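The tour below goes from one selection to the next.

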Amino acid sequence: MNPTTLHQMTERVAGLMEQRLGARGRGLQAKLAARGRALPRKVRQAATLLAEAEQLAANPRLAMRMDAEQVSAAYDLCVTYLKPLGQGARLRGHLLGITASIAFGLVVIGAALLGVLVWRGLL
């Protein structure tokens with residue numbers, strides 16, 4: 001596998017980790033150290049395989065030991081999981097969360113008000 005292509009693959013996965021998980025650091029290895037535990041086990045193992053493959057690609061003799069199909073399958077798994085939601089879906093999710101929080105607060109306040117009125121004997 002071409003080292004340039006492998007570097008582009010790892011950069012894409014690292015960028016997606018930064019977008020989706022807020023991972024910090026330079027390169028995939030640092031981002032995995034920072035936020036790797038937030039990934040499911042299979043995705044974390046695939047990302048680790050990509051990071052190791054990038055290190056192996058620096059040495060031409062070791063690069064021949066890499067299984068290109070395994071590396072591309074790991075890349076596909078990582079990208080499929082980390083592909084971010086669209087802007088509209090993300091906004092809808094935030095608005096739905098805010099609305100649910102407000103509705104829950106109103107229900108709790110209403111129940112507390114009703115409880116106080118019953119306790120005082122006004123109802």
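Axes here are lines fitted to C-alpha atoms, for helices over the stretch in contact, and the angles between N-to-C directions run from 0 to 180 degrees. The model is predicted.

**Stop one: α2 and α3.** Select residues 27-35, which form helix α2, and then α3; their axes come within 9 Å and cross at roughly 150°. This crossing is left-handed. To see the contact, show the side chains of Leu-28, Gln-29 and Leu-32 on α2, then those of Ala-47, Thr-48, Leu-50, Ala-51 and Gln-55 on α3. Sorted by class, these residues are five nonpolar and three polar, with no charged residue.

**Stop two: α1 and α3.** The crossing of α1 and α3 is left-handed. On the α1 side, select Pro-3, Leu-6, His-7, Thr-10 and Val-13; on the α3 side, select Leu-50, Ala-53, Glu-54 and Ala-57. Six residues of this contact are nonpolar, two are polar and one is charged.

**Stop three: a ring and a charge.** Select Arg-20 and Tyr-81. Where does Arg-20 lie relative to Tyr-81? Arg-20 is over the face of the ring, 5.1 Å from the ring centre.

**Last stop: aromatic pairs.** How many aromatic pairs does the structure hold? The count is zero.

Note on methods. Residues numbered from 1 in each chain as written. Predicted model: local features only at pLDDT ≥ 70, side-chain atom pairs only at ≥ 80, totals over all residues. Heavy atoms only, no water. Left-handed = near helix turned anticlockwise from the far one by under 90°. Helix = DSSP H or I, 4+ residues; strand = E, 2+ residues; numbered from the N terminus. Contact = heavy atoms within 4.5 Å. Nonpolar A, V, L, I, M, F, W, Y, C, P; charged D, E, K, R; others polar. Phe/Tyr/Trp six-rings, centres within 6.5 Å; stacked < 30°, edge-to-face > 60°. Lys NZ or Arg CZ within 6 Å of the ring centre and 35° of its normal.
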